[in-house]
Amino acid sequence: MKGIMKKYIIGLLIGSMFVSCKDFLDERQVSSLTQDFYNDEGGLEALINGLYVYARNKHEWDGSGARLIEAETDTYQTASAPVARYASAEYGTDVSRIAGNINNFLGEVNSNFAAMGAYPHINNCNLALEQIDQVAPGKFGSDETFRNNRKAEVRFLRAWAYYLISNQLGDVPLLLNARREDDGIYYYPKASLEDIYKQIITDVRFAYEQLPPLQSDQGRITKLAAGHFLAKVYLNRAQAAGFQLSSESSLTMLYKGNVSTDLDSCIYFASEVINLAGGEGGLAPDYWTLFDPAVAEKNPHPEILWSAQFDVNPTTHTRFGNRSVNYHTGNYTNQSGVQRSMLYGRPFGTFKPTDWGYDNFKDRMYDSRYSKTFRHEYISNMPNATSSSYTWNGAAANWWNTNKPADAPTVSAGEKRIKENQRAIIYVENTKETALDSAMVHSQPYQFIVRWVRSAVTGKYYYRLFIDGSNLGLATGAPAPYLSSKKHVDPLRGGSSDESNFNSEQGTRDAILMRLAETFLIRAEAYGRKGDYGLAVADINVIRRRAAFKAGEPRPQPLVEWESQAQELTEIERQAPYQSVSTTFDKIMVSQNHFTPGTPEAQRENYIPTVTSKADMFVHFIYNEKAREFLSEGLAWEDLHNAGILYERTVHYNQMASDRMGLWPVASNPANGNGQDGNGKGQMQKHHTFRPWPNAFLVRLTDENGTPLDEAARKAYQNPGY
């Protein structure tokens, strides 16, 4: 929280089910010393404020949070090929990488810091609720409104933890009483997802009823955030209502109950939030201002209903800061004349869009989200004498000198191509049908990173070639430079804009968790699932109106220069400064045709072949639209998972995860089957839509008498497929 709340985000954690005996004794000593502190109004208030550290869990825990919420989906993947392919060591067992991530997400102890995950947080929520009810110090006893506000915040934060951990594991232990000492008994039977959702809804409804629409401390839970969360969990329960009798365990495990009013409840609470937030006027007028750090950090738009708070003072971050600022930027430094900078971010290259993630943006000249989500161009920031730029070869120099603009200088073989303060890299994500001439692409005075090129000499098509003609991407072992999301770039990593911080991993940006655009699309999905398609389309078009280019708004030069759709623009729009002459909403306005079988609009959405009815097309259209609106914001995995369509969309659209054959176009550089041969490269299976219980957790469980679970009992506890 900005100001007063920021300094209270500290680890007031007093123990968890995941500690060793010595670890617990250390923590218990702290507990005994500070119990009286929590009996005081100020101490209890500090405990509650400290619970907000858990809001960071998606974005802080050394990648464990981000690795669980971002990939692998239809539109987003891990850049590392073994992870993206679901290799056994990464995904297949209870000791794989994903199991280690889950162990942290649950709340694994750390030798230097208090445990952070779901269950230490839940235990502290339970402790706070017991202190409020049983001790009620100071204002907690004398001011009913204050007491209920704080109680509502705690119950929301507990529900949030159960939501996140049950998304990953399904049925999980449901603990509603604080554990204050270690008796050696770790008996934690799983509760059904149906019971967990009942508790989540009960807690969040209380929060909604008690919280005000606005809070003076930024980042504190409000009525708007609670209403948004309620709408989402009602929708999630309705999505899975028909899965109870499914023959697929990956779907039956999603069943959360069957309540006939859930879609109506979703619509009711989403409408309440939308109305309280100002309707369509509650959206930021410009999509980019939500992510522009120059604006978002100083004056975040009210469209953001809840965000995890970080600060330019890294000492308030307890461990890592906002790690997500590191994970979405590809390597822009290889022979490019560009060195790491605060502006461009740290080029970890952890996550990247799939080809479908790019192709899902159908209207790049008219939907500004494509230009505002990605960084299409890099400028050289290195002096010519020391630049890492690659050099001209003879063929490329000859092509350029023959075809260059009249006012451009001639070049010579051996000379560095990229000049300081000039264009260094541009990206074009094209299709095989719109492949660019290979000689032209490889003869520019910058790195021209193009998905598909075609030889004018042989007519052959090539997929993702590097500047030296080598194969890139897929399973070749050479990660491709990629058009990366710029939503998370943080020019204040390490606490200042000083370029000496260019290697800092300590992100300081607040991380968006909920925003009003999602509320509109949650309501749209509920309307559509009820068959009220007209109301659903109206909500979708609210988002599309904001997405459209406005009159006078410039398009990125690389898009106008190289995207095939740019030929539709007027002559004036194709000239600098490449401004749209009018609003483009009429070009991207949605109608029911977009999900009506047989229409050109529906065909353009490229639905999965098994999605043939209007009702199913509508659902998949919503998730196409969500991907366009929220790409790289950490929503896609949990949304597709809860809708029960994560597996089918991922194996159809994500080539690296899929084991299917012949779904992708074939190139002349298949790289012995590791490149673009048209086939999937992965091993994703249906059970991967839930995560494994880590062995490190299972071996600590006991029965009600404290006897460790035997192998058969641990196997019964484990999720199917692991």
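Author: In helix 11, the buried residues are Leu193, Ile196, Tyr197, Gln199, Ile200, Ile201, Asp203, Val204, Phe206, Ala207 and Tyr208. Please keep in mind that this is a predicted model.

Reader: What covers the buried residues of helix 11?

Author: The cover includes helix 10, helix 12 (223–239), helix 14 (262–276) and helix 26 (636–643).

Reader: How many residues does helix 11 have, and what does it reach from its first C-alpha to its last?

Author: Helix 11 has 18 residues and reaches 26 Å, close to the 26 Å expected at 1.5 Å a residue.

Reader: Back to helix 10, then. At what angle do helix 10 and helix 11 pack?

Author: The angle is about 150 degrees, and the axes of helix 10 and helix 11 (residues 193–210) are 8 Å apart. Helix 10 is therefore roughly antiparallel to helix 11, since an angle over 145 degrees counts as such. The crossing of the two helices is left-handed.

Reader: Which residues meet there?

Author: From helix 10 the contact takes in Asn148, Asn149, Lys151, Ala152, Arg155, Phe156, Arg158, Ala159, Tyr162, Tyr163, Ser166 and Asn167. From helix 11 the partners are Leu193, Ile196, Tyr197, Gln199, Ile200, Thr202, Asp203, Val204, Phe206, Ala207 and Gln210. By type, the residues of this contact divide into twelve nonpolar, seven polar and four charged.

Reader: How do helix 7 and helix 10 cross?

Author: The axes of helix 7 (residues 97–106) and helix 10 (residues 144–169) come within 11 Å and cross at roughly 155 degrees. Helix 7 is therefore roughly antiparallel to helix 10. This crossing is left-handed.

Reader: And which residues make the contact?

Author: Helix 7 contributes Ile102, Phe105 and Leu106, while helix 10 contributes Leu164, Ile165, Gln168 and Leu169. The residues of this contact comprise six nonpolar, one polar and no charged.

Reader: A change of topic: is helix 20 mostly covered or mostly uncovered?

Author: Helix 20 is mostly covered, with 13 of its 14 residues buried. Its end C-alpha atoms are 20 Å apart, which agrees with the 20 Å that the 14 residues (516–529) should span at 1.5 Å a residue.

Reader: What follows helix 20?

Author: Helix 20 is followed by glycine 531, whose phi is positive, near 90 degrees.

Reader: Now the loops. Where is phenylalanine 549, and is it buried or exposed?

Author: Phenylalanine 549 lies in the loop between helix 21 (533–547) and helix 22 (557–562). Its relative accessible area is 0%, so phenylalanine 549 is buried, the cut-off being under 20%.

Reader: With which residues is phenylalanine 549 in contact, leaving aside its neighbours within four places in sequence?

Author: The contacts are Arg364, Met365, Tyr366, Asp367, Ser368, Ser371, Pro554, Arg555, Ser580, Ser582, Thr583 and Thr584. Aspartate 367 is 182 residues from phenylalanine 549 along the chain, yet their C-alpha atoms are separated by 6.4 Å.

Reader: What about glycine 321: where is it, and is it buried or exposed?

Author: Glycine 321 is in the loop between strand 2 (304–308) and strand 3 (351–353). Glycine 321 is buried, again with a relative accessible area of 0%.

Reader: And which residues touch glycine 321?

Author: Leaving aside its neighbours within four places in sequence, glycine 321 is in contact with His59, Glu60, Phe310, Gln506 and Gly507. Glutamate 561, 240 residues from glycine 321 in sequence, is 39 Å away in space, C-alpha to C-alpha.

Terms used:
Residues numbered from 1 in each chain as written. Predicted model: local features only at pLDDT ≥ 70, side-chain atom pairs only at ≥ 80, totals over all residues. Heavy atoms only, no water. Helix = DSSP H or I, 4+ residues; strand = E, 2+ residues; numbered from the N terminus. Buried < 20%, exposed > 50% of the residue type's maximum accessible area, 1.4 Å probe, protein only. Contact = heavy atoms within 4.5 Å. Axes fitted to C-alpha atoms, helices over the stretch in contact; angles between N-to-C directions. Parallel < 35°, antiparallel > 145°, perpendicular 65-115°, else oblique. Left-handed = near helix turned anticlockwise from the far one by under 90°. Nonpolar A, V, L, I, M, F, W, Y, C, P; charged D, E, K, R; others polar. Expected span 1.5 Å × (residues − 1).
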